[in-house]
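Please keep the sequence and the model in view while going through them.

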Amino acid sequence: MPALIVLSVLIAIYSLTLPGALEGLRFFLVPDFTGYSVQTVLAAVGQMFYSMSLAMGIMITYGSYMRKEDQLEKAVGHIELFDTGVSFLAGLMIIPATAPRLTPDLG
């Protein structure tokens with residue numbers, strides 16, 4: 001896993017050096033509420049339930065390997081931080097590299 005994180009950071013750095021990456025980064029980080037609708041909320045809820053179902057299976061598997069002296073709250077806190085960090089890193093790898101090429105006018 002550490003090698004995967006290092007490679008992801010390197011790819012994110014490379015992605016941010018490509019032409020048009022700043023526009024893609026702005027597209028990624030600045031919310032645009034003009035396209036906000038009930039359909040958007042339903043899609044987000046669907047993604048949330050899909051993620052939760054995967055997380056449930058992972059946590060059951062993880063829990064079966066936990067020792068009695070392990071602190072569950074601390075482990076869950078680490079999982080939350082790493083999950084959020086890796087998701088953000090994935091966005092930094094993909095969006096700045098592709099958004100300027102997919103939507104020529106981001107401004």
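1. In this predicted model, phenylalanine 88 has a relative accessibility of 41%. Because buried requires a value under 20% and exposed a value over 50%, phenylalanine 88 is classed as partly exposed. Phenylalanine 28 falls into the partly exposed class as well, its relative accessible area being 29%.

2. The structure contains two aromatic pairs. One of them joins phenylalanine 28 to phenylalanine 88, with 5.6 Å from centre to centre and 35 degrees between the planes, a geometry described as tilted. Phenylalanine 28 belongs to helix α2 (residues 21–29) and phenylalanine 88 to helix α4, so this pair ties together parts of the chain that lie 60 residues apart in sequence.

3. The other pair consists of phenylalanine 33 and tyrosine 36. Phenylalanine 33 and tyrosine 36 are both exposed.

4. Which residues make up the largest nonpolar core? It has five members: Ala12, Leu25, Leu89, Leu92 and Met93. Helix α4 (residues 72–102) supplies three residues of this core, the largest share. As a general background, nonpolar side chains tend to be buried together in soluble globular proteins.

5. Leucine 89 deserves a separate look. When residues up to four places away in sequence are not counted, leucine 89 touches Ile5, Ser8, Val9 and Ala12.

6. Helix α1 spans residues 2–16, which gives 15 residues. The distance from its first C-alpha to its last is 21 Å, close to the 21 Å expected at 1.5 Å a residue.

7. Where do the buried residues of α1 lie around its axis? The residues concerned are Ser8, Ala12 and Ser15. They cover an arc of only 60 degrees and are therefore on the same side of α1. The other side of the helix carries exposed residues, namely Pro2, Ala3, Leu7, Leu10 and Tyr14.

8. Is serine 8 buried or exposed? Serine 8, a residue of helix α1, has a relative accessibility of 12% and therefore counts as buried. Apart from neighbours within four places in sequence, serine 8 is in contact with Leu89 and Met93. Leu89 and Met93 are both members of the largest nonpolar core.

Conventions: Residues are numbered from 1 along each chain as its sequence is written. This is a predicted model: local features need pLDDT of at least 70, side-chain atom pairs count only at pLDDT 80 or more; totals for chains, interfaces and linings use all residues. Side-chain values use heavy atoms; hydrogens and water are left out. A nonpolar core is a set of buried Ala, Val, Leu, Ile, Met, Phe, Trp, Tyr and Cys residues joined through side-chain atoms within 4.5 Å. Buried means under 20% relative accessible area, exposed over 50%, partly exposed in between (1.4 Å probe, protein chains only). Helices (H or I, at least four residues) and strands (E, at least two) are DSSP runs, numbered from the N terminus. Contact means heavy atoms within 4.5 Å. Rings of Phe, Tyr and Trp (its six-membered ring) pair if their centres lie within 6.5 Å; planes under 30 degrees apart count as stacked, over 60 as edge-to-face and the rest as tilted. The expected span of a helix is 1.5 Å times one less than its number of residues. The arc is that of the directions from the helix axis to the C-beta atoms.
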